[in-house]
Amino acid sequence: MKRKLIFIFLTQVAILFFVSIVAYAQGKIPTDDEVNTIAKKLYCPVCPNTPLDVCETKACEDWRAQIRDQLTDGWSGQQIIDYFVAQYGERVLAEPQRKGFTSLVWMLPVLAVAFGVVLVWQVLKNWRSVRQPPIDSPPPAPISPETLARIEKELQEMK
Amino acid sequence: MNLLRISLRNNFMIEQLESIAQPIGTPKVRRLGQDGQVIAFALVILLLGLLAFGLVKANTGPREKGMAPDFTITGFDGRTAKLSELHGQVVIVNFWASWCPPCRDEAAYLEQTWRKYQDQGVVFIGVDWVDTNKEALAYIKEFDITYINGPDTGTRIADAYRIKGVPETFFVAKNGELRGVKIGPLQSPELDEKIEELLQEVYP
Amino acid sequence: MLADIGLFAVVIAFLLAVYATFASFYGGRKECPAWVESARNAAILVFPLLTISVVILVYLLYTLDFSIAYVADVSSQAMSPFLRVTALWGGQQGSVLFWAWMMSGFVMVVLLRNWQRNRELMPYVIAVSMLTTAFFIGLVVFITNPFARLWLVPGAQELTIAIFPPASAMPYVPKDGGGLNPLLRHFGMIGHPPTTYLGFTGFVIPFAFAIAALITRKVNDDEWIRATRRWTLVAWIFLTIGLVLGGRWAYDVLGWGGFWGWDPVENAMLMPWLTGTAFLHSVMMAEKRGMLKKWNIVLIILTYSLSLFGTFITRTGIIGSVHAFAKSAMGPVFFLFIGITFLGSMSLLFSRWHLLKSEHEVESFASREAAFLLQNMLFLAITFAVFWGTVFPMISELINGTKITVGPPYFKMVTGPLFGALVLLMSLAPFFAWRKQGVRSLMRALLVPLIGSIIISIIWGYLHRMHPNSIFALWLASFVTMAILYEFWRGIRARMATRSENPLLALVNLLRRNHRRYGGYIIHLGVMMVALGFIGEAYFKQETQGTVGVGESLAVGGYTLRFDGLRDYSGSDGREIIEASTSLFKGDQLIRVLQPRRDYFIVQEQPSTIPGVYSTPGKDVYVLLVGWGENGINNATFKIYVNPLINWVWIGALFMVFGTLIAALPSGRQEGSYALKAVELQPVPGD
C-alpha cells in the first residue's frame, strides 16, 4: 500500500515537472531579435516595398506582435511564414517562391546569362573568322609604363 | 630612333590597308541578326503592353458596377455568410482594419445603422482586411459590433472588389448588382439615405 | 502677376521647342541650312525662357504665394528658406519643370559648342533633343502645371486647381501650405534630385547624336562618339552622384540602417547607370579599334530609354514604391512618348544595321577587345536581371492574378555573382593587350597583386573565420585593389627611373599625361571601395533590438549601449520630438553619447525617425529609437545596427568623382594624334 502511494506521488511529481517545463517553454517571451529574424523574411502587406522588421506603422507593430505570440506558442519560423502567406497572400514573402509561375523570375536571368555567353562566343568567333591572313608582326604584349615612358622620352629627343 | 620611326610608319600603313578590306559577317551571323531584330521588336511590344496594363490598372478605381463579386466569409464568431445567398436583401459590404484610424470614425455609425435596418431586409458584412485576429476582436468589442465580421483570408475578397485602401464600403442591391462605392469613412446620413434608396428598388 | 509671366514663358518655350523640332528636321531633310539655323536659334532660346519660369517659381515658393496651388502644396510657413527653394522639385509639377529646364540647358550648351564641328549631324541632334524637351515642357504646360491657381467655385466641396478660373469662381488663398513631406526635409533634398535629373537628362545628348548618326548614315566613323565623349562622362558622373546621395539620404532618414533597398524606383535609376557605364567603356573601344559599333548604339539607346522608363514608372504610379510621386494624369501621354521613342529608335537602328561594320579583328579570345565584349555582356545581364525583378510583379499580376514581391534576396542572389565577375574583369582588362594577350605575360604582370591578395585573404580569413563566405569576396576585392595600385606603382617607378622625379611629382605627372587611363584607375579604386561597403553589409552586418529601462544596456558586436533617459520638446517647424539619450561603450570605455529621436510632424501627421550614429572608417554604430513608455513604465526600445565598412561607400564615391574629373581633363596634346595611338596598338620591336 505504502509503495503504491509513493508511486502515485512520484508520478504526479513527474507529471507536474514535465507540465511545468512545457509551460515554461511556452511562456518564454521571444526576444525582439527572434521576432525580427522572421519579420525580415516578410514584407508589410500594406505599405509598398517595406520589410516587416523596419516598418514603423501601427499595422506592422500588430503583425510583429502576432509573430511574437505565435513564437511564444511554439510555432516554428516556417509555420509562421506559411500562416502569413495564407492570410495575406504571396506578396508578403520577400523572396519569391521557386515553384509555380513565380519560378520564372529565377529562371530567366540564368537563361539570359547563358544566352549572353553564347552570344559573346559567337561574336568573338566572328571576329576571328573574318581576319585576313596573319600579318607578320611581332606578337603584341602589353606596353609597360616603363616602356611608354622611355618611348616618350625618345620621341621628345626626336623633336 | 630611326627604327622606331620606320616601324611606326609601317604599322600605320598596315592599319590603313586593313581598314580598306571590309570584313563581312558570316551568313550565319547575318541571319541571326535578322531573327534577333524580329524578336527584339516583339519583346518591346510586349513590354509596352505590360506598361499599358499597369497604367490602366493604376487608374482603375474600386469596382462600382456590374454584379457584385460573390464571396463566402467566415466570421470571427463562427457565423458564415455567402453573398449570392443574400439575394432579395440589400447588402452593405464594409472593408476595415483595426489599425486604420478613419475606420474608427465610421464604426459607431455603421453599427447604429445596422441596428436600425436589420429587420428590414438589410445585411451588413464587415470584411477585415490584412489584420491580426487579436486586434480585430478588440476593435469589434470596443464598438460592440453585432453584424458579421470576418478576416479576408488571402485578400481574395479585397482583390475581387479592387479596393485601394480602407475604409471602403460597397453597396449591393437586392438583385446582387453593385450600386457604387464609398471611399473613406461614411458620415451620417449618407448610409441611411443609400439604404433607403436601395430598399425602394423594385424589379419587374 | 508673376505667376502669369512664368506661365507665359513656359508656353513660349514650348512653342519654340516644337518649332525647333520641325524646322531642324525639315532643314536636315531638304539640306537647307537656313531652316536649321533658325531651329538652332529657337532651341537656344528655350533655356533662358525656362530659367525665367524657374526663377519665378522659386520666388513664389520663397515668398509663400499660396494662391498658386503648387506653392500651397509643397511650401509652408514652418519651412526654412532653404527648404522652400528645394521645394521647387518637391512635387510633381515643379520637378517636371526642373527636368525640362536642365535638359534645355544641356541642349543649349551643345548647340553653342558643337555647332561648327558637327555640321552634318546638327539638324538631327536638334530635332531629337528638342522633341524630347518639347514633350517635357508640354507635360508642364498641359498636364502638371506648377503655375495653376486655387479657385473656389461657390457650392463646391473641394477647391479647383486650374490655370483659368472656372465659371463664377473666386481665387482662394489658404492661410498656410501643406509643406514638404517631412522625409524630404533633409540636406539630401538639395543634392539628390538635381544630380539625378542632370544624369538622366544628360544622356539625351549622346542619344541625340547617335540617332543623328543613324539618320545621316554616318555610323561608321566615330564622330558622334568623339563629339559626345565628355557629355557621356558628365551625365554618368551626375547619375553616379545621384545614386550615392540617394543612398546616403535613405541611410540618414528612412531608419532601416541600410542604403540600398532594391526598391523599384531605386532600380529604375540603377539600370540606366549600368548600361551607361557599359556605354562609357564600350565607346573607348570604338575610338581605338573601330569595333563594337552596334553595341555602342544599342547601349546608348538602352541607357536613354531606361532613363525614360525610370522616370515613367516613378511618376505614373504603376509600380508601388515609397519613393513614388503622387499620381498624375500624365500616364497615357507619357506612355505614348515612350512607345514612340522605343519603337522609333529600334526601327532606325535596324534599318542601318548593315552599315555598322567592325573595322578590325582579333587573333585571340584573350584580348582587350574580348574583355570589352565580355564587359558589355555582363553589364547587360545585370541590367536584365534587375529589370526582370522590377517588372515581374506586374507580369505576375497580369498573367496569374497573384501579387508578389520581388525583394532584396532575389537581387542579391542573382546580381551578386555577376557583379563579382565584372569586378574581376575590371582588374584584368587593363592588363590585356589589344588583339592578343599572352597568358604568361599576364601572369607576370599580375603576380604581385595575386600573391599579395592571397596573403591578405589568409590573414583576414583567420581574423574573421566566423564568416567563411566572405573570404572569396574579400580576396577578390583585395586582388583587384592591389592590381590597380600596382599599375600606379609601376607608372610612378618608371617616371622616377627615366625622369628622376620624386614619387609625388611622378604621380601628378602620371595623372596629367595619361589622364584618361589613370583617371579611370582612380575611378576603379573608388568602385572597389564601394564594393567593400557592400561586402561589409552583406556579410558582417549585425543588429539587435530590445527594450530597456533607464540605466540598463543592450549589447551587440562588442559594443554596449546604455539608456540614460528620455526627453520631449517641440521643434521650430511644427514637430514634436522625443529624444533618447544613450551612451555607447566599448568594453568599459565610453565612446560617444548618441541621441536617436523620433519626430512627429503635427500638421502632416507624419513621423520621422532620426538615428544616432557613431561613424568610423571601420564601421557605423547606428541606433534607432523604436518605441518608449510601454505599459506606462519609463523604458525605451532601441534597434542597434553595426554596419562594418559602410563609410567606404561614401569615400569610394568621392574617389569616383575625383577620378572622373581627372579623366575629363582636356588633353594638352591634340587628341587622337596618331603617333601615340599607333604606339598603344602595337609594341615597338626591340623592346
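Which helix of chain C holds L270(C)? Read on for the close-ups.

View 1. L270(C) sits in α10 of chain C, a helix covering residues 264-289; helices here are DSSP runs of H or I with at least four residues, strands are runs of E with at least two, and both are numbered from the N terminus. This is a predicted model, so local features need pLDDT of at least 70 and side-chain atom pairs count only at pLDDT 80 or more, while totals for chains, interfaces and linings use all residues. Residues are numbered from 1 along each chain as its sequence is written, and chains are lettered from A and ligands numbered from 1 in the order in which they are written. L270(C) counts as buried because 23 other C-beta atoms lie within 10 Å (buried means 20 or more, exposed 12 or fewer, partly exposed in between, with C-beta atoms placed from the backbone). Skipping neighbours within four places in sequence, L270(C) touches L243(C) and V386(C) (contact means C-beta atoms, placed from the backbone, within 7 Å).

**View 2. The side of chain C that touches chain A.** Here 62 residues of chain C meet 48 residues of chain A. Helix α13(C) gives the largest share of chain C's side, 14 residues. By class, that side has 33 nonpolar, 19 polar and 10 charged residues (Ala, Val, Leu, Ile, Met, Phe, Trp, Tyr, Cys and Pro are nonpolar; Asp, Glu, Lys and Arg are charged; the others, Gly among them, are polar).

**View 3. Inside chain C.** Chain C has 20 helices and 13 strands. Of its 687 residues, 53% are buried.

How values were computed:
Contact = placed C-beta atoms within 7 Å.
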